[in-house]
Amino acid sequence: TRFRCHVVFNSVTSVTNYITIGIFGVGEDYFGFEVVNGSLRGSSSNQNTATTNVITLGTVTTSASGYELEARYTMRKQIDFYVGQKKVGSLATELPSATTAKWGPNSPYFYITTTSGASKSMLINYWEFLAYKAAPLNTI
């Protein structure tokens with residue numbers, strides 16, 4: 001399962017942006033990206049987790065050209081994170097549960113919080129979601 005999007009941030013100061021599949025939160029099945037005051041992070045969680053798993057992937061700015069972000073989840077193994085088709089990090093713990101994950105093309109989660117009174121936004125130029133189904137064990 002993977003998603004890819006192109007995003008432009010109007011501000012990376014005093015703001016947190018969430019771009020995930022599934023609802024972001026501790027104890028929720030999700031994976032994706034967080035941008036916290038310009039720090040790009042990959043994160044994930046599952047229903048049996050008391051915390052989220054987070055890895056720092058780099059920094060972002062308010063560049064007019066924006067960023068192509070991609071997260072590839074290999075069920076029960078790892079999540080690989082890409083920026084502009086370059087792999088920048090992986091997570092192998094706190095993975096979304098294979099049996100309870102309820103995501104699809106209709107479940108992207110985009111959310112912005114700010115600690116200032118200024119207006120914040122992000123522009124998502126495109127969103128692409130692909131889900132792969134494993135072949136039955138008895139097929140060649």
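Me: Hey, is Phe33 buried or exposed?
Reply: Phe33 is buried, at a relative accessible area of 0%. Buried means under 20% relative accessible area, exposed over 50% and partly exposed in between (1.4 Å probe, protein chains only).

Me: What sort of model is this?
Reply: It is a predicted model, where local features need pLDDT of at least 70 and side-chain atom pairs count only at pLDDT 80 or more, while totals for chains, interfaces and linings use all residues. Residues are numbered from 1 along each chain as its sequence is written, and side-chain values use heavy atoms, with hydrogens and water left out.

Me: How many aromatic pairs are there?
Reply: There are 9. Rings of Phe, Tyr and Trp (its six-membered ring) pair if their centres lie within 6.5 Å; planes under 30 degrees apart are stacked, over 60 edge-to-face, the rest tilted. One of them, Phe3 with Phe33, is edge-to-face, at 6.0 Å centre to centre and 90 degrees between the planes.

Me: Which parts does the Phe3 and Phe33 pair tie together?
Reply: Phe3 is in strand S1 and Phe33 in strand S3, so the pair links parts 30 residues apart in sequence. Strands are DSSP runs of E, at least two residues, numbered from the N terminus. Phe3 is buried too, at 0% relative accessibility.

Me: Which rings form one aromatic cluster?
Reply: Phe3, Phe31, Phe33, Tyr73, Phe81, Phe110 and Trp127.

Me: New topic: how many residues are in the largest nonpolar core?
Reply: That core has 23 residues, and Phe3, Phe9, Ile19, Phe33 and Leu69 have the most contacts inside it. A nonpolar core is a set of buried Ala, Val, Leu, Ile, Met, Phe, Trp, Tyr and Cys residues joined through side-chain atoms within 4.5 Å.

How values were computed
Helix = DSSP H or I, 4+ residues; strand = E, 2+ residues; numbered from the N terminus.
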